[in-house]
Amino acid sequence: MLLCGIDVGTSSIKVSIVDAAKQTVLFSCSYPETENEIYSPQPGFAEQDPAHWWFCTQQAILKGNASGAYNPLDIHAIGISYQMHGLVVLDENLKVLRPSIIWCDSRAGSLGEKAALALGETYCQTHLLNSPGNFTAAKLAWVKENQPDIFEKIKHVVLPGDYIGAQLTGNLTCTPSSLSEGIFWDFKQNRISTELLSYFGFSSYLLPTIQPVFSDHGQILPEMAKSLGFNEYVKVTYKAGDQPNNALSLGVLEPGEIATTAGTSGVVYGVSDELKFDQGNRVNSFAHVNYQESLRRIGVLMCINGTGIMNRWLKQNFFPNSSYQQMNELASQAEIGSKRLIVMPFGNGAERIFQNRVIGASFQQLDLNRHQSAEISRSVQEGIAFSLVYGIELLDKVGITPQRLKAGLANMYLSPVFSQSIVNAAQIAVDLMESDGAMGAALGAGIGIGYFNSPKEAVAKLKIKRTIEPDVKYADETAEAYANWKNFLPA
């Protein structure tokens, strides 16, 4: 049996075909080859076109089929991972009414703050586990307030993965996990928050049918099966946000286990069996992929918006003719601490760790006589790494204390400078796994179709490619560099 995993990322769409029995990837590819842009018509705005996601999804699948590495008629199920918190609004014919307001958009923050005051801090933290902030519900409120003509046409409110699933099947569904990431889910009542809907003036009919994460989300449309070279019996059997899905792909399912990613954004994600929340709303809690009312599994997520996108900005503007590997090699030529050049990587919208304030990215202490290309490259990687270490400290304050990290051997973790900077500053080892989001989505589809009896069984054969331990020789230098970096954090 083959399984197809689709990862709807910010930069590109990735598709992996997985041999279910061996739990190995037969073929993996991304589309487009260059990174997708984020449209920002005003400061703090971040949008992408859902129709473009769908086009890229089809192209990635067809690219995989053309490889000859597998027979697409052997694919039995599809799983979808997607960028979290994005707002996709559709009319009655499932037509997109406006560009998606994506995860790093900060325009709705003030509306979320007003909702938190009206609903009450106690209700938001104990029932929603979060302030509405600038999450999906607040983004929908922004459309209602600023684009009432569009709001009146909305028949369906979905997340990016739900939209891709509907294009494949014609069927709209959501899950407690996806509703929680939109801040629509009441954990105490185990239902949609009628209090939040009432405050914003939203009808519950705007939200799709609720199903478990691992379930039948619809059979592929005949015309889609023909177009994509699949059998007509193929079903979508799994949908999850990228961070819960990434945790699944790394085998992070039970309390005490910690996943981390460093793609466009950077995340440290722990699992708890308690309804944990951060009183400062700097760390967020959502239903994990294996959440059930009788077996609570809460994903406690610390997110830095400006991670890989900061490194991408550096490449595009200063090293356009260099590969990321060449930039990594250049960074390794500079000393730890980058001769005291400091980078704050927070230039991708409002940052939750600063209570939804827009901080902006910056270089601090730039010395035109001492800092050259190597220091600039290393300072960016150190700034990103240190921001994640700072987030680990925030997780510790809500009772998520990592003893060991797990990450996919991909994106920023391909850089020795970046990886060692996190490990040395946090004094925590990281296991780099042979896994990624698209593979995790495929394995999730295997759970949903019943091939695997449990999530634990689906990831039983995952392999550790490399382990990075703290290096005592450089512990003091890294600690000094991190302390210097923290001195420039906003109050």
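**Salt bridges and helix packing**

Modeller: Lys339 counts as partly exposed, at 27% relative accessibility. Keep in mind that this is a predicted model.

Biologist: Which residue does Lys339 form a salt bridge with?

Modeller: With Glu375; their closest N and O atoms are 3.7 Å apart. The pair links distant parts of the chain, with Lys339 in the loop between α12 and β18 and Glu375 in helix α13, 36 residues apart.

Biologist: Is Glu375 buried or exposed?

Modeller: Glu375 counts as buried, because its relative accessibility is 8% and the cut-off for buried is under 20%.

Biologist: How many salt bridges are there in the whole structure?

Modeller: A search finds 19. One of them joins the side chains of Arg297 and Glu254, at 2.9 Å from N to O. Arg297 lies in the loop between β16 and β17 and Glu254 in the loop between α10 and β14, so this pair ties together parts 43 residues apart in sequence.

Biologist: Back to α13. At what angle does it cross α14?

Modeller: Roughly 40°, and the axes come within 9 Å. The crossing is right-handed. The contact residues include Phe386 and Leu388 of α13, and Phe418 and Ile422 of α14.

Biologist: New topic: how many residues of α4 are buried?

Modeller: Eight of its 11, so the helix is mostly covered. Among them are Lys139 and Trp142.

Biologist: And which residues make the nonpolar surface patch?

Modeller: Met1, Ile449 and Tyr451 make a patch of about 240 Å². Met1 sits in the segment before β1 and is partly exposed, with a relative accessible area of 36%.

How values were computed
Residues numbered from 1 in each chain as written. Predicted model: local features only at pLDDT ≥ 70, side-chain atom pairs only at ≥ 80, totals over all residues. Heavy atoms only, no water. Patch = residues over 30% accessible without salt bridge, like charges linked within 9 Å, V, L, I, M, F, W, Y side chains within 5 Å. Areas by Shrake-Rupley, 256 points an atom, 1.4 Å probe, with all protein chains shown as cover. Salt bridge = Lys/Arg side-chain N within 4 Å of Asp/Glu carboxyl O. Helix = DSSP H or I, 4+ residues; strand = E, 2+ residues; numbered from the N terminus. Buried < 20%, exposed > 50% of the residue type's maximum accessible area, 1.4 Å probe, protein only. Axes fitted to C-alpha atoms, helices over the stretch in contact; angles between N-to-C directions. Left-handed = near helix turned anticlockwise from the far one by under 90°. Contact = heavy atoms within 4.5 Å.
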